[in-house]
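Please read them with the structure open.

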Amino acid sequence: MVSTKPNSAPRYIPAYPGAFQVDAQVNQQNGAAGPIDNDDHDEPDNYYLSGAFEDGSDSEPDDESEDASDDKSDDEHGDDEPEDPSDNECVDESDNASEDEHDPGHSDPEYEPSQGHFAAVLADLQSNIAYWQQQIAKRVQVCAQGSQQDNDAIIAAGFVPLLVSFLKSDQPDVQAGAAFALETVAVGSQQSKDAVFAAGAVPLLVAILNSDQPFQKWSTAAAASALSTLSAGCQQNTCAIIKGIVPLVDALLKSAQPQVQKEAAYALHVLAMESEHGGSIVIAAGAMPRLIALLQSEQLILQEAAADALGRLATLSQSNIDAILAEGAVPLLVAMLRSDQPYLQRSTGVAFSCLARGSRWAKDAIMAAGAVPLLVARLRADQPDEPRVAAASTLASLALGCQPAKDTIIAAGAVPLLVAMLQRHPIHMSALRAVESLANGCRQAKDAFIAAGAVPLIVPMLRPDAPGPFAACSAARALGILASGSQEAKDAIIAANALPLLLVLPKYYTSEMHKQAAAAAEVLLPARNNRAPPMCTCM
């Protein structure tokens with residue numbers, strides 16, 4: 001907790017030797033201490049939030065007490081000289097170096113400090129202030145990553161307005177540190193976001209985004225990231241932020257600095273995620289062509305960020321999908337799919353998955369561009385999990401309600417690769433969804449999955465201890481689809497002892513699970529009375 005004195009501001013910054021020395025040059029010559037390098041000390045992370053000072057006490061050093069101690073020492077050594085009143089003043093030890101040297105605290109009436117002297121003092125003050133502002137932001141960011149209780153304490157202590165004031169600094173590093181710290185605080189809860197919003201952070205973050213000075217590279221990226229976080233999950237903040245910053249963020253996409261462009265694309269991604277209205281504003285601001293242009297960037301991080309943003313925009317409406325297709329994004333995404341970078345494969349796969357949920361035109365465009373063989377190749381066991389999951393999801397979206405896509409996917413050899421994925425948690429869920437999409441209404445796919453041994457891998461997912469929160473429901477639905485219209489599939493499912501698991505369900509299973517299990521059991525059992533068998537929930 002930050003300690004305070006009556007009628008005084010909280011002591012956010014600890015006293016430290018040499019922080020505001022009068023003569024920087026004399027300090028340097030005499031070895032006076034400058035700003036403390038925190039990396040060389042063993043204080044805890046909340047050191048600067050506790051109000052502790054250099055000596056470990058909870059109050060500032062008392063200069064008078066130190067002088068009194070010095071006087072006592074002099075008395076002990078028998079110093080009988082008359083006491084000089086000026087001895088009680090706080091004077092730099094460097095005054096004793098020469099009788100001709102003078103200090104601003106010296107009482108010499110003829111002392112006239114030069115303009116250069118005060119310029120040096122001002123430069124020293126400014127450098128120290130900027131340094132400690134960065135340290136405060138760093139400490140707040142570290143502490144805000146703890147529990148929500150720590151986050152609430154930071155807000156209650158008044159650090160949010162302090163950090164917001166740092167955004168007004170002309171030092172990019174200070175602005176960046178404050179923006180990242182505010183973002184970390186805002187992640188905690190909706191109340192945290194509201195506190196940052198109420199402190200007036202948004203206009204200042206927007207002003208940083210609006211700056212076109214190249215040396216503000218990191219502060220600009222930090223501001224875009226902070227605004228994205230403030231908008232996430234908060235409709236009120238999104239509506240207030242979106243109109244002010246989307247044109248600015250869109251302008252940042254033209255920047256020559258990759259990190260700034262990456263954060264700008266991410267900001268558009270998050271802003272569009274919150275509402276269809278936000279996505280419409282992003283589109284209206286002309287961001288679409290620039291995002292697609294980033295797909296051709298030599299910087300892979302920009303390709304990834306642009307693919308993520310386009311994928312999100314595609315989920316909002318069919319008109320967005322049509323706009324993305326019209327701008328020629330599909331061939332560029334296919335080229336990215338050939339990359340050997342897993343993170344790029346994942347982003348591209350997700351973008352294709354979002355596009356494939358659209359109209360038949362979108363599915364045809366993706367297939368015509370040659371995406372299916374590349375997606376199937378990403379299902380191989382030697383590929384990382386994320387690209388495999390993204391590829392399986394895309395194939396599931398393509399196959400849904402599109403027989404030509406199913407034929408193309410099966411012909412490309414996807415079935416055995418999907419069956420192999422059923423054996424591995426947690427990627428088995430995406431493979432299971434692909435099985436459902438491909439087998440639904442397609443006898444060729446059903447026979448292929450039965451022959452590849454899919455049923456013995458799906459049936460164990462019905463068990464209560466099966467991994468995956470929705471594995472049992474998806475497994476029951478997939479078995480029902482496989483069994484429909486295929487006696488071979490029915491025989492294989494019954495032989496794998498699926499009926500007992502479908503008929504005896506735990507009480508805690510959801511109503512949807514009961515519904516899917518009943519549907520699958522009805523397909524498997526002889527329809528004697530044209531009714532589903534009674535479901536036992538005795539477990």
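**Notes on the predicted model**

1. Start with V455, which lies in helix α25, residues 455-458. V455 has a relative accessible area of 2%. The cut-off for buried is under 20%, so V455 counts as buried.

2. What does V455 touch, leaving aside neighbours within four places in sequence? The partners are I450, L482, A492, I493 and A496. There is also a distance to check here. The C-alpha atoms of V455 and L422 are separated by 10.0 Å, and the two residues are 33 apart along the chain.

3. Two of those partners turn up again in a helix pair. Helix α26 covers residues 471-483, and helix α27 covers residues 487-495. Their axes come within 7 Å and cross at roughly 140°. The two helices are therefore oblique to each other. On the α26 side, the contact is made by L479, L482 and A483. On the α27 side, A489, K490 and I493 make it. By class, this contact has 5 nonpolar residues, 1 charged and no polar. L482 and I493 are also in contact with V455.

4. Next, N497. This residue sits in the loop between α27 and α28, the latter being 498-503. N497 is not a glycine, yet its phi is positive, at about 60°. Is N497 buried or exposed? Its relative accessible area is 53%, so N497 is exposed. Please look at the backbone here.

5. P426 is found in the loop between α22 (414-421) and α23.

6. Helix α23 itself spans residues 428-439 and holds S437. S437 has 11% relative accessibility and so counts as buried. Which residues does S437 touch, not counting those up to four places away in sequence? They are A396, A399, L400 and K406.

7. R380 is a loop residue. The loop runs between α19 (371-377) and α20 (385-399). At 33% relative accessibility, R380 counts as partly exposed. That value falls between the cut-offs, since buried means under 20% and exposed means over 50%. R380 touches R388 and L417, with residues up to four places away in sequence not counted. The C-alpha atoms of R380 and A420 are separated by 8.7 Å, and these residues are 40 apart along the chain.

8. Now a lysine. K193 is found in helix α7, residues 190-198. Is K193 buried or exposed? With a relative accessible area of 10%, K193 is buried. Not counting residues up to four places away in sequence, K193 touches A186, T229, L230, A232, C234 and N237.

9. A further helix pair deserves a look. Helix α13 (residues 287-294) packs with helix α14 (residues 300-316). The angle is about 140°, and the axes are 8 Å apart. That makes α13 oblique to α14. The crossing of α13 past α14 is left-handed. From α13, the residues in the contact are M288, L291, I292 and L294. They meet L302, Q303, A306, A309, L310 and L313 in α14. The contact divides into 9 nonpolar residues, 1 polar and no charged.

10. Why quote two values for each pair? Two packed helices are described by the angle between their axes and the distance between the axes. Both values are given for α13 with α14, and likewise for α26 with α27.

11. Last, the chain as a whole. How many helices and strands does the protein chain have? The secondary structure comes to 29 helices and 0 strands. The chain has 539 residues, of which 46% count as buried. Its accessible surface comes to about 26,100 Å². Carbon and sulfur atoms account for 52% of that surface. Consider contacts between residues at least 6 apart in sequence: 69% of them join residues at least 24 apart.

How values were computed: Residues are numbered from 1 along each chain as its sequence is written. This is a predicted model: local features need pLDDT of at least 70, side-chain atom pairs count only at pLDDT 80 or more; totals for chains, interfaces and linings use all residues. Side-chain values use heavy atoms; hydrogens and water are left out. Axes are lines fitted to C-alpha atoms, for helices over the stretch in contact, and angles run from 0 to 180 degrees between N-to-C directions. Helices (H or I, at least four residues) and strands (E, at least two) are DSSP runs, numbered from the N terminus. Angles under 35 degrees count as roughly parallel, over 145 as roughly antiparallel, 65 to 115 as roughly perpendicular and the rest as oblique. A crossing is left-handed if the near helix is turned anticlockwise from the far one by less than a right angle, and right-handed if clockwise. Contact means heavy atoms within 4.5 Å. Ala, Val, Leu, Ile, Met, Phe, Trp, Tyr, Cys and Pro count as nonpolar, Asp, Glu, Lys and Arg as charged, and the others, Gly among them, as polar. Buried means under 20% relative accessible area, exposed over 50%, partly exposed in between (1.4 Å probe, protein chains only). Accessible areas come from the Shrake-Rupley method with a 1.4 Å probe; for residues, only the protein chains shown count as cover.
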